[in-house]
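Hi everyone, thanks for coming. I'll walk you through one protein today, so please have a look at what's on the screen.

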Amino acid sequence: MVVKEFTVDLNKPLVLQVGHLEEHYQEWVHQPVVSKEGPRFFANDTMEFLTRTKWWAVPVIWLPVVCWLFAKSVRMGHTIQEVILMALFGVFVWTLIEYSLHRFLFHIETRSYWSNTAHYLIHGCHHKHPMDSLRLVFPPAGAAIICVPFWNVVAFFASPSTTPALFAGGLLGYVMYDCTHYYLHHGQPSRDPAKHLKRYHLGHHFRIQDKGFGITSSLWDAVFGTLPSSKIAAKLS
């Protein structure tokens with residue numbers, strides 16, 4: 001696949017190649033390759049292994065943590081009803097985080113070698129190879145690292161007894177997001193709202209990639225004016 005002066009060889013490890021595209025990277029990465037077989041990222045087998053994650057690893061690893069954190073808030077004196085309310089609030093906040101990360105970080109414009117490389121690892125690979133099933137959900141090791149600053153932010157604003165439940169609500173929202181995202185790419189929903197969400201998200205990949213940033217809902221796209229235009233929305237309906 002040729003873009004101006006640099007040729008990306010899809011048969012060789014990609015990560016250390018894409019940075020050389022420089023200002024042409026954005027054009028290249030938003031020309032999707034539809035294949036169930038994902039590309040190789042690294043020549044090193046260990047690094048390559050760490051980039052691949054089965055979708056079911058996300059709920060298997062994180063749902064027990066969610067339950068433990070809910071139980072911790074209960075043991076610290078909160079009622080089940082209070083924990084449920086905190087969980088719902090955490091899920092709601094996650095939907096805004098999901099939208100914000102997708103719009104402002106995952107779709108940031110990059111040009112330099114290292115910024116292109118970082119963007120490809122974070123999200124560009126998903127737009128280039130949207131049907132790669134092993135690079136659709138976030139690797140648990142990376143998620144565990146990111147959990148640390150998020151926990152600290154929640155702890156700064158909340159009390160010691162509410163922090164676990166609020167954080168668990170956000171973590172539950174993340175699990176729902178990653179599982180929903182995988183299903184929208186590889187499931188075959190026959191009824192709404194899942195059927196609509198699948199059309200909506202695939203529209204973001206294949207029709208208009210600077211709109212429709214919501215995955216689990218279009219709520220924040222409506223709030224912040226990033227819904228697809230009416231003509232495109234009609235084609236997706």
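Before anything else, a word on helices and strands: they are DSSP runs, numbered from the N terminus, where a helix is H or I over at least four residues and a strand is E over at least two. Keep in mind that this is a predicted model, where local features need pLDDT of at least 70, side-chain atom pairs count only at pLDDT 80 or more, and totals for chains, interfaces and linings use all residues. Residues are numbered from 1 along each chain as its sequence is written, and side-chain values use heavy atoms, with hydrogens and water left out.

Okay, the overall picture. The protein has 11 helices and 2 strands, and from the N terminus on they run β-β-α-α-α-α-α-α-α-α-α-α-α. The C-alpha atoms fill a box of roughly 65 × 45 × 30 Å along the principal axes. The radius of gyration, taken over C-alpha atoms, can be held against a globule rule of 2.2 Å times the number of residues to the power 0.38. For 237 residues a compact globule would come out near 18 Å, and the protein has 19 Å, so the two agree.

Now some annotations from UniProt. Its positions are given in the numbering used here, feature names are shortened, and annotations may be inferred rather than shown by experiment. The unreviewed entry puts "transmembrane region" at residues 55-71, 83-101 and 136-159. In the model, residues 55-71 are 88% helix and 0% strand, with end C-alpha atoms 26 Å apart. Residues 136-159 are 75% helix and 0% strand, and there the end C-alpha atoms lie 34 Å apart. The unreviewed entry also carries "domain: Fatty acid hydroxylase" over residues 88-226; that span is 68% helix and 0% strand.

Let's go inside. Buried means under 20% relative accessible area, exposed means over 50%, and partly exposed is in between, using a 1.4 Å probe and protein chains only. By that rule, 43% of the 237 residues are buried. A nonpolar core is a set of buried Ala, Val, Leu, Ile, Met, Phe, Trp, Tyr and Cys residues joined through side-chain atoms within 4.5 Å. The largest one holds 25 residues, and those touching the most other members are Val58, Trp62, Phe70, Leu171, Tyr174 and Tyr177. Helices H4 (57-75), H5 (80-105), H7 (140-157) and H8 (163-186) each give two or more residues to this core, and H8 brings the largest share, 9 residues. A second, separate core has 12 residues, including Val8, Leu21, Phe41 and Tyr120.

So what does Tyr174 touch, leaving aside neighbours within four places in sequence? Counting heavy atoms within 4.5 Å as contact, Tyr174 meets Val58, Trp62, Trp94, Phe138 and Ala143.

Two more residues, then I'm done. His123 sits in helix H6 (residues 113-128), and it counts as buried because its relative accessibility is 7%. Not counting residues up to four places away, His123 touches His102, Phe106 and His107.

Leu96, in helix H5, counts as partly exposed because its relative accessibility is 32%. Leu96 and Leu219 are 123 residues apart in sequence, yet 9.0 Å apart C-alpha to C-alpha.
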